[in-house]
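Please read the following briefing alongside the sequence and the 3D view.

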Amino acid sequence: MTETTRRLITAGVIITNFLVAVEATVVSTAAPTIVGELGGMSLYAWVFTAYMITTTVTGPIWGKLSDLYGRKLMYGLSVAIFLLGSGLSGQSHSMTELIGWRSVQGLGGGALIPLGQTVLAEIYTLAARARMQAMITTIFGIASILGPLVGGFITQHWSWRFIFYLNIPFGIVGVSLLWATLPPPAASGPVRFDFRGTLLFCAALTLMLIWADGMAHWKPADPRAWGGLLAVVVLWTLFMLAERTHPDPLLPPALFRLRMFSAAAALMTLVGMALYGAITFLPLYCQNVLHQTASQAGQALTPLLVTWIAGSTVSTQLILKAGYRVTIGIGALGFALGFGILSRVGPQTAGGWLFLAAVLAGVGGGFSVAPLVLGAQSVVDRPHLGVATSEILFFRSVGSSVGVTLMGVAVLTTPDLALGLQRAFLTGLVFGVTMLALTLLLPAGDAASVARS
């Protein structure tokens, strides 16, 4: 592969990843205007929930399909579905239509991040891949900052429909670069896709995400809470039994016998719990306890996002010298200290402590997410690279849903909001401390020696 080809592939990955990264913040900025025009305030949350469920559920499926049928075909198909959902979302005339087309958009969007990182893992060495991971994280940080600005400008000066239409020209450019440069799949034997496991996986995960969302509103004694939990456990049990008997399962159990991969999966779940718990509840604390404006509360996340980006750049180079255990241990310590501070802050606490807590939470994300993805990729063979990458990112998504739910229950079951948020932050402290303990499961040595072993 020539250097020019490699750069064109990287450009295509960057463009398509940026579309997904900016999607959430752009839509959230325009959502009040959308509801005002289409009505259906009771369905407001489902504009985001429908997209989140379909992206989370389909991520591992796209990863497996790319291992079986090739990155080029699956990348092209997923971008086509994403752009179709985007265009039809812009044509919506009711909230029900919008939610349906957002689901279609999520079906394609679930592939773009894991397939993009899989493609980069195939064309770069470990050292170069570390730089690429830092760049991808930087793209997400920039998207988080630009998204609200772009969404607000488009909604105010044009129409909210253009926040969806704008995806189409950029998506076409990105997928054209990838289609022209990615090699076709190598010849392989007969494909035995795990249809039964896929259906059980979709049912189990969808029900779990809906149950997690409901737990933020149901009381602990609500029959829906216990009934839903029982159904989730049954479906996951059936799924795991199905995976043990299929010759080429959707989520290969053999991956979890790899020490680095299984530790990365557990740690990434905790990273999702802690990182998105901080992103969700820090602005809520600023608005409802410190009585700041929505704009000021949003700015409280800026030090977290900046240090997340900076930390990713440093951490992906640090693993090459100090290894995964030390690097991710720094991230776990950042989460523990950050939530420890947040659990003690009150209305009279100096603003510097809140700033420090946000910085430490950003360190937690920066020193954890990218190194865990690299670690999982480094210990699997090429035929399993797609499913391994998508699984690790899948565990982060699941962790974010579970973590926000657990912290939300701490808030909703406490009459005093300030005290409830402190309990939520204590829950986050538990996530950080548990993560710190689990770093001992990571293999010692630098990243190169772990990959060779």
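Across the whole structure, a search finds 14 aromatic pairs, where rings of Phe, Tyr and Trp (its six-membered ring) pair if their centres lie within 6.5 Å, and planes under 30 degrees apart count as stacked, over 60 as edge-to-face and the rest as tilted. This is a predicted model, in which local features need pLDDT of at least 70 and side-chain atom pairs count only at pLDDT 80 or more, while totals for chains, interfaces and linings use all residues. Residues are numbered from 1 along each chain as its sequence is written, and side-chain values use heavy atoms, with hydrogens and water left out.

**Aromatic rings**

- Phenylalanine 193 and phenylalanine 195 form an edge-to-face pair, with 4.9 Å from centre to centre and 75° between the planes.
- Phenylalanine 193 is buried at a relative accessible area of 14%, whereas phenylalanine 195 is exposed at 58%; buried means under 20% relative accessible area, exposed over 50%, and partly exposed in between (1.4 Å probe, protein chains only).
- The rings of phenylalanine 201 and phenylalanine 239 form a tilted pair, because their centres are 5.6 Å apart and their planes stand at 50°.
- Phenylalanine 201 belongs to helix H8 (residues 195–215) and phenylalanine 239 to helix H9 (residues 223–245), so this pair ties together parts that are 38 residues apart in sequence; helices (H or I, at least four residues) are DSSP runs, numbered from the N terminus.
- Phenylalanine 201 and phenylalanine 239 are both buried, and they belong to one aromatic cluster that also includes Trp236, Phe256, Phe261, Phe394 and Phe395.

**Charged pairs**

- The whole structure holds seven salt bridges, each defined as a side-chain nitrogen of Lys or Arg within 4 Å of a carboxyl oxygen of Asp or Glu.
- In one of them, the side chains of arginine 161 and glutamate 37 meet at 3.3 Å, N to O; arginine 161 lies in the loop between H5 and H6 and glutamate 37 in helix H1 (residues 3–38), so the pair ties together parts 124 residues apart in sequence.
- Arginine 161 is buried at 15% relative accessible area, while glutamate 37 is partly exposed at 48%.
- Aspartate 248 and lysine 64 form a salt bridge of 2.6 Å, N to O, which links the loop between H9 and H10 with helix H2 (residues 46–69), 184 residues apart, and both residues are buried.

**A buried lysine**

- Lysine 72, in helix H3 (residues 71–90), is buried yet has no salt bridge, and the nearest side chain of opposite charge, glutamate 122, is 13 Å away; Lys and Arg count as positive and Asp and Glu as negative, while His and the chain ends are not counted.
- Apart from neighbours within four places in sequence, lysine 72 is in contact (heavy atoms within 4.5 Å) with Trp179, Leu182 and Pro183.

**Other single residues**

- Leucine 166 sits in the loop between helix H6 (162–165) and helix H7 (167–181), and it is partly exposed, with a relative accessible area of 35%.
- Cysteine 286 lies in helix H10 (residues 259–288) and is buried, at 0% relative accessibility.

Technical notes:
Helices (H or I, at least four residues) and strands (E, at least two) are DSSP runs, numbered from the N terminus.
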